[in-house]
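Here are my notes for anyone opening this model for the first time. Have the sequence and the 3D view side by side as you read.

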Amino acid sequence: MKGIKDRVAIVGMGCTQFGELWDKNHRDLVVDACYEAFEDAGIEPKDIQMAWYGSRETGFTGTQLASALKLEYIPVSRVENFCAGGTDTFRNACYAVASGVCDIALAVGVEKCKDHSGGFNLDILEPFDRSMVEWDLPPASQFAQLATRYMYHYGWKYEELKRIFAMIDVKNHHNGTMSPNAQFRREITVEQAMNAPIISHPLGLLDACGVSDGSAAAIVTTPEIAKSMRKDYILVKAIALTNGAGQAILQPEYDFIHFPETVAAARNAYKEAEITNPRQEIDCAEVHDCFAITELITYEDLGFSPRGKGPEDVEAGSFTLTGNLPVNSDGGLKCFGHPLSASGLRMIYEIYHQLQGKAGPRQLKKVDIGLTHNIGGICGFFNCTVAVFGKP
Amino acid sequence: MGFENFGTVSFTAEAKAADFIAYLEAGKVMATRCRQCGASYFPPKMDCPRCLLSDMEWFEIKGNGKLSSYTVVNYGPAGFEADAPYILALGEFGDGIQIFGRLSRDIEEKDIELGMSLMVSPVKLPDDRIAYEFRRT
Ligand SMILES: [Zn+2]
């Protein structure tokens, strides 16, 4: 089996402002993200041969993208994979290029979440076989239970773990102040995060990402063509996608303090990218911080921290901009909000610029390998992507 | 009688595990066990994901469990707005049984301790509906 490593290059990317964008519809956002990408790549819409359009709440079928860009009868597929939809959209475009069926492909993710009450419909799987019983478990409350379980499992006291969450929140907010496209661009303090109103014990308002609108886009091609377009193209090293089949909740021994989907996706991605020691080899990462506990567990699932030791790395500052493995250098979901199918491509946008040395005030010193991670769904049925990128 | 009266909001009576409701009406919270491989399931499954057979027996969840996680839902999702705040919890009942459900309204947040002892019982809801909940032992 031939992996995707070094067979596809990113030559252009775009990303809109994320936030409450009442004056723009999804087509406006797609146009803004794509035209930034076209300009970055030095191409025009007519140069796109195939396209993938990621959206969960925001418009059916590929014609949404075709009509926004006035594409001339090229194939456009709509991709939906919940919180992993953006990176999966990108994955499809990369696979098309790697297969040789096209030279230049476009991947776009967009959502208008603010137009929906509560951001998005739950549509979650029922707990009983085919019973269609509506579950009384909103996202914040699901991840909150993982947080409480983390305390129970490792013997953390509430105030102590809340302080760790707050340090993650403060880090992401600090990074977000330097991201012009972020929804929230202000510093917060540990005390503010710890004392924010509780949404679902133990998670407070500042332990949660916002709900926002936004779009991001990528143009991919072969490394050979990329060389003729620009010097600083970025190579795809791995893209792994995992979709839970209920395994975790069917295993009575499941501990509710790790995501098997992330563990499996990371294993597959590291194999494809030939990474043996992620903590040493990965220079920066964008991970799915829908809630502070998700980011904490993800440190451990991705192998950045040993099991149960994520909090020690947080206290040591390992994941800050000056740490040895900066995570969410752009502020993450915490500062961008989470327009579902746009988030994965927004993360790739940050890694792309970090690798090119164009991340402005957030620019990290040494970046040769970057990683993105998305996870969404419910326990047992998470959809997860892990992707790895590098310089030519 | 199936799941049409279970929980706060439900849409269909059809479910392979519909006997669960008849047992609830009779005062019992039941799980299933695979007769072939011995694996236990809650919520009850009628097909075994381990050996892929459908040879299940029902058994009652008796005795005390331990509270291993909880959260207070201050903002209920659609259909549950009026219920909030309510407390969701996870209980370990041994024999591979972990139960997810609500804490009885008579347990207040300040009285919750991780690891505390719990039992699970059927509970009648308004409008002739039924569910199960965790109670003090
Ligand atoms: Zn079995």
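Helices (H or I, at least four residues) and strands (E, at least two) are DSSP runs, numbered from the N terminus. This is a predicted model, where local features need pLDDT of at least 70 and side-chain atom pairs count only at pLDDT 80 or more, while totals for chains, interfaces and linings use all residues. Residues are numbered from 1 along each chain as its sequence is written, chains are lettered from A and ligands numbered from 1 in the order in which they are written, and side-chain values use heavy atoms, with hydrogens and water left out.

1. Strand 1 and strand 3 of chain B run antiparallel and are joined by five bridges. To find that pairing on screen, look for B:M30, whose bridge partner in strand 3 is B:E60.

2. Now the metal. Which residues coordinate the zinc ion? They are B:C34, B:C37, B:C48 and B:C51, each through SG, at 2.3 Å. Donors here are N, O and S atoms within 2.8 Å of the metal (3.2 Å for Na, K and Ca); water is not among the atoms, so sites may look incomplete. The angles among the four donor atoms of the zinc ion run from 100 to 125 degrees, making the site tetrahedral; for four donors, that label asks for all angles between 85 and 135 degrees. The ideal angle for four tetrahedral donors is 109.5 degrees.

3. The sequence spacing of those donors is worth a look: C-x2-C-x10-C-x2-C. B:C37 sits in the loop between strand 1 (30-34) and strand 2 (40-41) of chain B, and B:C48 in the loop between strand 2 and strand 3 (56-60), so this pair ties together parts that are eleven residues apart in sequence. Are the two buried or exposed? For the terms, buried means under 20% relative accessible area, exposed over 50%, and partly exposed in between (1.4 Å probe, protein chains only). B:C37 is partly exposed at 39%, whereas B:C48 is buried at 2%.

4. Further along chain B, have a look at strand 8 (residues 129-136). Six of its eight residues are buried, so strand 8 of chain B is mostly covered. Strand 7 (residues 117-125) of chain B pairs with strand 8 in the antiparallel sense over eight bridges, and B:V120 has B:F134 as its bridge partner in strand 8. Strand 6 (residues 98-103) of chain B runs parallel to strand 8, joined by two bridges; here B:R102 is partnered with B:E133.

5. The hairpin turn deserves a backbone check. Three residues separate strand 7 and strand 8 of chain B, and B:D127 takes a positive phi near 60 degrees in this hairpin. B:D128, also found in the loop between these strands, has a positive phi near 65 degrees without being a glycine. B:D128 is exposed, at 69% relative accessibility. Most residues other than glycine have a negative phi, and most peptide bonds are trans.

6. In chain A, A:F256 has a positive phi of about 60 degrees although it is not a glycine; A:F256 is buried, at 15%. The peptide bond from A:H201 to A:P202 is cis, with omega near 5 degrees. In chain B, a cis peptide bond joins B:A84 and B:P85, with omega about 0 degrees.

7. Finally, two places in chain A. Helix 14 (residues 340-356) has 17 of its 17 residues buried, and A:G357, which follows helix 14, has a positive phi near 75 degrees. A:R279 lies in helix 10 (residues 278-281) and is buried at 16% relative accessibility. The side chain of A:R279 makes a polar contact with that of A:S318 at 3.3 Å. A polar contact is a pair of N or O atoms within 3.5 Å; within protein, one must be able to donate a hydrogen and the other to accept it, and residues adjacent in sequence count only if both atoms are side-chain atoms.

Conventions
Four donors count as tetrahedral if all angles lie between 85 and 135 degrees; four count as square planar and six as octahedral if opposite donors are over 155 degrees apart and all others between 65 and 115; anything else is irregular. Two strands pair if DSSP finds at least two bridges between them.
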